[in-house]
Amino acid sequence: MAHEGLFQELKVVVGEEYVVHAPEDLVVFEYDGSVDKALPLAVVLPATTEQVSGVVKIARSHGVPIVPRGAGTGLSGGAIAAKGGIVVALTRMTRILEIDPVNRLAVVEPGVVNLELSMATAKYGLFFAPDPSSQKACTIGGNVAENSGGPHCLAYGVTTNHVLGMEVVLADGSVAWVGGRTRETPGYDLRGILIGSEGTLAITTKAVVRLVKLPEAVKTLLAIYPRLNDASAAVSDIIASGIVPAAIEMMDDLAIQAAEAAVHAGYPADAGAVLLVEVDGLKESVEVESALVEEVCRRHNPMEIRTAEDAAQRERLWAGRKGALGALGRLAPNYYLIDGTIPRTKLVEVMARIKEISAEAGLPIANVLHAGDGNLHPCILFDERKPGDTERTLEIGGRILKLCVDVGGVLTGEHGIGVEKQEYMPFMFTEDDMASMARLKLAFATDDAFNPGKVFPKGASCVDISQMKAVARAGAGAFV
Amino acid sequence: MTTVEKAITQPGQATPAIPLFSGPDAPEERDLYKCVHCGFCLQACPTYLETGLETESPRGRIALMKAVNEGRLGLTPTVFRHWDLCIQCRACENVCPSGVPYGRLIEATIAQVEPHRKLTWMQRRMADFMLNSALPYQNRLTAMMGAMRLYQQSGLQRLVRKARLLKLGPKGLVEMERSLPALPDSFFAAQGQLVHSIGTPRARVALLSGCLMPLFHGPAMRTVTRVLSRNGCDVSVPAGQVCCGAIHTHIGDLEKARAMARRNIDVFTASRVDAVVVASAGCGIRMKEYGHLLRNDPAYAEKAEQFSAMVKDIHEYLVALPFVPPQGRLDYKVTYQDSCHLSHTQRITAQPRTLLRSIPGLTFVEMENSTRCCGAGGTYTITQREFSLRLLDRKMAAVRETGADVLATANPGCVIQLQYGTQRAETPMRVKYVTELLDEAYSNEPRRPPPGQVTAEGAWDEERQEMRARWKTRSGDRRRRIRGRE
Amino acid sequence: MTTQISAYTVDGKTPHTVLRPSTTEDLRSMMAAASADKLAVVPWGGGTKMALGNPPERYDAALDLQGLGRIVSHNPADLTATVEAGITIAALQDALTKRGQFVALGAPLADRATVGGTLAVGTAGPLKWQYGSPRDVVIGMTVVQADGKATKSGGQVVKNVSGYDMARLHVGGLGTLGVIAQVSFKLTPLPAREATLLSGFASMPQAMAAALAVFHGGAVPLALTTFDDDAARRMAMPGSDAWRVAVEMGGRPLSLERQVKECEAALRAHGAARVDRLDAPDPKMSGLWRKLTDFGWDQPTRPTVSARVSLVPSKSSEFLEALEHVPGERAVVSHPAHGTVLVHWYGTADDAAAKALSTTREVAVRLGGSAVFERCPVALKASLDVWGDARDSLAVMRRMKEQYDPGRLLNPGRFVGGI
């Protein structure tokens, strides 16, 4: 075989069984949590930084691209080998190297699963704040690459706010530290640049993360509204009232129906929207703020308000929200999930516009959103077997993202650009903006060695729908 | 039989003319494409956790199924290997947001693989014998195990092991011999017996005897009848019932499994009962899924659905009854291993704990990751021995951490595996069924049945008779020790 | 004009020209022209921290951004604001306060320090540290590159992963990769009430232990600062405690009262000789925090040399103990929760100052931290590295400079490793 020599060299570095190149084995590395697929040439599973460095050097000497991969739960195609090459899966580097409760930090390998870290630090009353919905499976390395958020990042911030430093392998195979254990280190904030760079600039092999005190009290409130507009207005009002809840989540009527069918959360059949607000902190302020939130919610004519104070009750209130996306499969064979963010004051306007777009196109759109951040997740429901459905879905997806950008928002709040939204980059950025970003690749001397074919538009800046068709097995979706 | 080694094609470029899924039992597309490869299942999967390899994950196995289904991959030995490493614990089903019926998919897939396996003549004969000539016939199985018990107890086993005679036999024989647990002095058998309730009957239930549990754990089966009877149940153990067919589905012989399911449905529905109680978690889920197994059988589809609705796991049944909390003390520190086929597939996790916590004196401690598989999984201990042991050792480490002196669980496979685990870990810890502990607690009660609830034929008679039987015979449990009626 | 030009002197070098854009478009065309003429440009905000960094290699033009002083938009209901880089921190915070909000960004001499300059320096002040470093509050940025092109990144939303997070290059980049023209911030509602506890201790270890106890306790302080008696005297504070701990807390009335109670108990349990409470809007409270923020930068407290040391919080005490043996008149202000220790020396001769600074760095590095010499006489800059070692990532940093400013026009030579 053409690449036998390459495989042989890789095997010397990571061991025979951790170089995967049989066709049957590669097929399970052609996807991540998104809709796109591409087969890699080989997959290697290094166990140490030195092995990662060795693999990078070998790949470079053969002129083969490298695609870093964690658990493969990402939603924008960040972990797929868009241009072939070697996938470096970091799922064997799973050690929590250190927990330092005094300085509230932990040092972890990239394959450590997000939730496992919080479970390991809970005994010190600490946790790792970013909580993407895939937190049971996704890795810290992946969180760093994608700058992951989660429902609770409204109050706590996203990954970049919680990582102090990383050990990384650069494109020449050298190992460097960016940031460190302390808040300030001399020089440019390379740490901040690498977080969210979608694996295109370096491979993280260790991360120093901040740990946050577990809140003393948590109160969750569920407000059910007859109309979407009322719920959207309530969200804007809560934010404007000077309270920053830990999370504000919202679902519209279609999402409610699906969730109700799947998990029987007990939502009224005629509910137009459900709002889930969580307040945490010191118990005295939680008391006051949850009362204030409730008052604001009541101002917008809810059908009903429910509250939860213990873990079991909270679990019940969250059940509908958490089960919503998985349940959308009940409404249509496929759905296409969008991830734009808008200023929170535009919620009413944009939600209404999305409903109009849905009606115009004749395709239902269910909405599940991190409303507190203005992070929308419209899900276009369609059936890929119906002629024209897929094309229309993609076209609407583009229109919704354009709408987000037009009202002062952005293309993606937490899923990343990847291959999914690369063609939409010109909605938001000029040629100069993108050229400036692209220079980072030169600064990191990657020569497109790391994760090529991502983030930046492929060729011309216009969005070519026919090109997107390959992407369109959009049964996929995802859990946000 | 031919396996075509075929380089994988890019997505969407199917190449026909390689062996694909076929027939009415092929994995259903509807189920397959429910998987949106979100990856939530990864951390639930014991083989993924152990290897960190996507190929050994539920999502990876489904991707292989899809690739075969789409004609991008053939049914090759490499593909089989990844499917075979699945323990079928179904922990992934529990965490799947899309509701992918993984158990159904992997069973259907393994069934597709069967005809393509390259087995030696000897392997094929052995498998055929076990599946078609032994398991469906409880009397043959009993005779075999009787002979085995003789082998173990007569000193022959020691001799054979010492002389390493088995090394001369076919490959795998040594492991099989070693994994066979010490057999008890008495077996249990379904002979149409009826164990009367203590006190006024509250319900009438039929009990699945099963295939291996009555032989490996005969005395434990009797604790089940006693516990039921103590809780006011008339317990019948219908004659003519057969193995539930779990092992057959597990390794892909769906036709045989269906025949056995039909037989059991006939036998158990011959007389009216309130519930069909199953003491083995693996058999419980199998029987609860008869409806799906026989969905294409016009004569049985509906009956099977109704039957499945009647099947109750013993713990589930006792708690719903509700059971009488025991008065007798057990001063044990107990931890509980969730059997996969109880926790993941039947979603029964609270009830065994409720039963254990009800026992006065008993201290209950949770172990870390109690729902993670111990590595038993039917024939898995034989076919994937090395891997099974890796999982077992990890499990025993978690168990040891609790400092418990009794490890309780709910499935014969788990009991056997965990007993072997205690041997390997060299701990004096005992492995017990939850019902055994409950029975022990009941037996520690003052021997004075509550006033007004005395009957002549109670479970306690059975216990006395059992002692007597054990005294009289060492070769089997053929005597009918309980007066029963059909 | 000469007097005015001399005001733009940096480390003894004076430019030929001062550029004063009043719009982003001005800035863009001025940079384009400077680029065409290959002029070395030093961007200026309020000029409060020009002592920082190496002397410029070349210095042709000062780029004074104070003309870019507008609030472009403030969306109170969305808790976001976009401002031009030349607005002062004080002017911005005043405007936000009127709507009950603030941005978690502070700087010494806030009525002169600009948003752009503060971000370019990138270090956190003592205030509201729990809301993060300056880099954590920026959600979008427009930058004018060395070639005169304006590029933007981020947006005006609080959650965004569209494209690379380019603003990170410029926060703490000392204007060496581009000139910050416009910034979008995420804002925070002001706490309903605020209170400060100022306590006195007989020794440094006691004060540091008390501060860490507060950090780990039930209260969620907004700011936590310790300082020695020398610093107190220079700020003309009464009393003679060897060390003091100041804790700012905020929140709803009930939770604030509880925090104050718990915090006071923790301070006393660690040997506080006295604990005084100051409640906002008591001018003494804002006065205390302003003095602590300005320390080392305003005229009365300005030292000869100073070092900004970054450590993990638990090492502050050990660090200060190791520094005991270094001779010289000194004042220390530290933010233990952040792991920052600011050491200032006064009236020291050059060689003694050099010795003090290098010892400071040695100890900091030995304890896993780093030290930046924020104030250092030009004479000493020749022999001392004011930034410290960026180690294995320096090569990438140099290539950044090559990419974004190949002509070395922006603050040439002033940054880490002579970038």
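The legends below describe close-up views of a predicted model.

Local features are given only at pLDDT of at least 70 and side-chain atom pairs only at pLDDT 80 or more, while totals for chains, interfaces and linings use all residues. Residues are numbered from 1 along each chain as its sequence is written, chains are lettered from A and ligands numbered from 1 in the order in which they are written, and side-chain values use heavy atoms, with hydrogens and water left out.

**View 1. The interface of chain A and chain C.**
Two pairs of chains are in contact (heavy atoms within 4.5 Å), and of these, chains A and C share the most contacts. On the side of chain A 83 residues take part, and they meet 75 residues of chain C. The size of an interface is often given as the accessible area lost when the parts come together. Here the buried area, which is the accessible area (1.4 Å probe) that two parts lose on being put together, summed over both, is about 6500 Å². Carbon and sulfur atoms give 56% of this area. In chain A, the residues that lose the most area to chain C are Arg183(A), Glu184(A) and Tyr188(A), together 14% of what that side buries. Chain B and chain C, by contrast, do not touch, and their nearest C-alpha atoms are 20 Å apart.

**View 2. Polar pairs and secondary structure between chain A and chain C.**
A polar contact is a pair of N or O atoms within 3.5 Å; within protein, one must be able to donate a hydrogen and the other to accept it, and residues adjacent in sequence count only if both atoms are side-chain atoms. Across this interface 31 residue pairs are in polar contact, both residues being at pLDDT 80 or more. Helices (H or I, at least four residues) and strands (E, at least two) are DSSP runs, numbered from the N terminus. The elements of chain A that each supply at least two residues to the side touching chain C include strand 9 (175-179), helix 8 (228-240) and helix 10 (283-298). Helix 15 of chain A gives the most to that side, with nine residues.

Side chains of opposite charge can pair when their charged atoms come close. A salt bridge is counted when a side-chain nitrogen of Lys or Arg is within 4 Å of a carboxyl oxygen of Asp or Glu. The model has 76 salt bridges over all chains, and eleven are between chain A and chain C. In one of them, the closest N and O atoms of Glu414(A) and Lys159(C) are 2.8 Å apart. Glu414(A) is in the loop between helix 13 (389-406) and helix 14 of chain A, and Lys159(C) is in the loop between strand 8 (150-154) and helix 6 (167-170) of chain C. Both residues are buried, where buried means under 20% relative accessible area, exposed over 50%, and partly exposed in between (1.4 Å probe, protein chains only).

**View 3. Salt bridges within one chain.**
In chain A, Asp230(A) pairs with Arg227(A), with the closest N and O atoms 3.0 Å apart. Asp230(A) is buried at 9% relative accessibility, whereas Arg227(A) is partly exposed at 48%. In chain C, the closest N and O atoms of the salt bridge between Asp229(C) and Arg233(C) are 3.8 Å apart. These two residues are separated by about one helical turn, because they are four residues apart in helix 8 (residues 229-234) of chain C. Asp229(C) is buried, with a relative accessible area of 18%, and Arg233(C) is exposed, with 51%. Elsewhere, salt bridges that share partners join Asp189(A), Arg191(A), Arg135(C), Asp165(C) and Arg168(C) into one network.

**View 4. The surroundings of Thr160(A).**
Thr160(A) sits in the loop between helix 6 (153-156) and strand 8 (163-169) of chain A. At 3% relative accessibility, Thr160(A) is buried. Leaving out residues up to four places away in sequence, the residues that Thr160(A) touches include Asn147(A), Arg191(A), Asp136(C) and Arg168(C).

**View 5. The surroundings of Ala307(C).**
Ala307(C) belongs to strand 15 (residues 305-310) of chain C and is buried at 1% relative accessibility. Not counting residues up to four places away in sequence, Ala307(C) touches several residues, among them Val341(C), Leu342(C), Leu357(C) and Phe373(C). The C-alpha atoms of Ala307(C) and His170(C) are 22 Å apart, and the two residues are 137 residues apart along the chain.
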